[in-house]
Amino acid sequence: MRKIPFLIFAFILFLALAIQAAPSCSYCGKTIDGRYVKFEDGSIYCIDCIQTKIKCSFCNKPSKSTITIDDKPICRQCLTRLEHCSFCDKPLVGKYESFPDLKLNICLKCSQAVSRCDFCGKPDNKLIRADKRRICRSCYNQSDFCHTCRTPIEGEYLWFDGDESKKYCQRCVNHYTKCASCGAPSGGNSQRLEDHRVLCQDCYRAGYFDPGQIGLIKRKILAFLDSYFGMNLKHKIRYSLQGQDFIKNKSDAIGGDLNGLFYRENDKFEIYVLYGLREKDLYQVISHEIAHAWASENCRANLTLEEAEGFAQWVAYYSLIQFGYSNFGETLVDGDNVYARGLRMMLEIEKNGGHKAIFRSLAK
Ligand SMILES: [Zn+2]
Ligand SMILES: [Zn+2]
Ligand SMILES: [Zn+2]
Ligand SMILES: [Zn+2]
Ligand SMILES: [Zn+2]
Ligand SMILES: [Zn+2]
Ligand SMILES: [Zn+2]
């Protein structure tokens, strides 16, 4: 029991003697017989050198050759360990700004002078100019570009009409009139139509302005409705392209569909289609209006607005899927208007009883 404490004591004594045996000052080389300072790395300095020699302001050791930067003496060893400013290459002695992820260190002087990326704030003197902003290469490479202003989009992008391949920046959305067809910012090359609608360049180019162009679409829809739902019309329909004002005037206050209108006067059936629509709008609006025409022959006269518009949208929904526009078709389901509510109601009926349940619920 007593032997162990004695052994430890003897070992400590031996160590103390060994250290005291021959310490010499790392600066002046003299053997130290008085007080000294020992540093973490084991180096020892006599108290005289500590008190009188120039000391490195980083490691605090007396040093024979120091370099002075910003009024601070630095020993050569510390100098090699110091970070350097990524811009002016000066060793960084005082406070400095650091971006560890980017391996960037900047002295305060450069920090104030250098330009910064408008997106990430990173200092960079090779920024790319885009519109009125300056952007670093990495932000530029990672960016989505606005379809309207063609510049990198900062933060979240917006998209319209179910088409996420065309991205838009918030600034363009705020700045430009909405395109009457796709809802996106119409941009600098927009077109104003005779009836005052504004279309973006893409929608204008894709627009149908010639009545002859809709003949094929309407025939394809009629054939599809016949084969898929067994819907046949007894009356012949006259189709024409019209402006917005004409369609608004013809529609009664309740049931006006902005892109088209089914108009019946006894045995005279007319479908008015807004001019300048895109192909997918035409598939939607023509099948919707044909459904109204069919309903006027086959359904009870007391359909609610929701039933009438819901049925027409339901027919349009399937036409869009049939003709390759299912993404657009899905956009009809969302929203809080009579069309979307009616369509959701029809899809619900269909879920329980199939197509037939819908036709039954509307029958005379
Ligand atoms: Zn000394
Ligand atoms: Zn030092
Ligand atoms: Zn600098
Ligand atoms: Zn950046
Ligand atoms: Zn933009
Ligand atoms: Zn558009
Ligand atoms: Zn309708």
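Guide: Helices (H or I, at least four residues) and strands (E, at least two) are DSSP runs, numbered from the N terminus. This is a predicted model, in which local features need pLDDT of at least 70, side-chain atom pairs count only at pLDDT 80 or more, and totals for chains, interfaces and linings use all residues. Residues are numbered from 1 along each chain as its sequence is written.
Visitor: What follows helix 11?
Guide: G324 follows helix 11, and its phi is positive, near 90°.
Visitor: How many residues of helix 11 are buried?
Guide: Helix 11 is mostly covered, with 14 of its 18 residues buried; buried means that 20 or more other C-beta atoms, placed from the backbone, lie within 10 Å of the residue's own.
Visitor: And what span does helix 13 have?
Guide: Helix 13 (residues 338-362) spans only 17 Å between its end C-alpha atoms, whereas a straight helix of 25 residues would span 36 Å. The expected span is 1.5 Å times one less than the number of residues.
Visitor: Where is helix 13 kinked?
Guide: The kink is centred on G353 and amounts to about 125°, the bend being the angle between axes fitted to the seven residues ending there and the seven starting there.
Visitor: Which residues of helix 13 are buried?
Guide: They are G342, L343, M345, M346, I349 and I358. Helix 11 (305-322) is included in what covers them, judged by contacts, meaning C-beta atoms placed from the backbone that lie within 7 Å.
Visitor: Changing topic, what box do the C-alpha atoms fill?
Guide: Roughly 125 × 65 × 30 Å, taken along the principal axes.

How values were computed
Chains are lettered from A and ligands numbered from 1 in the order in which they are written. A residue is buried if 20 or more other C-beta atoms lie within 10 Å of its own, exposed if 12 or fewer, and partly exposed in between; C-beta atoms are placed from the backbone. Two residues are in contact if their C-beta atoms, placed from the backbone, lie within 7 Å.
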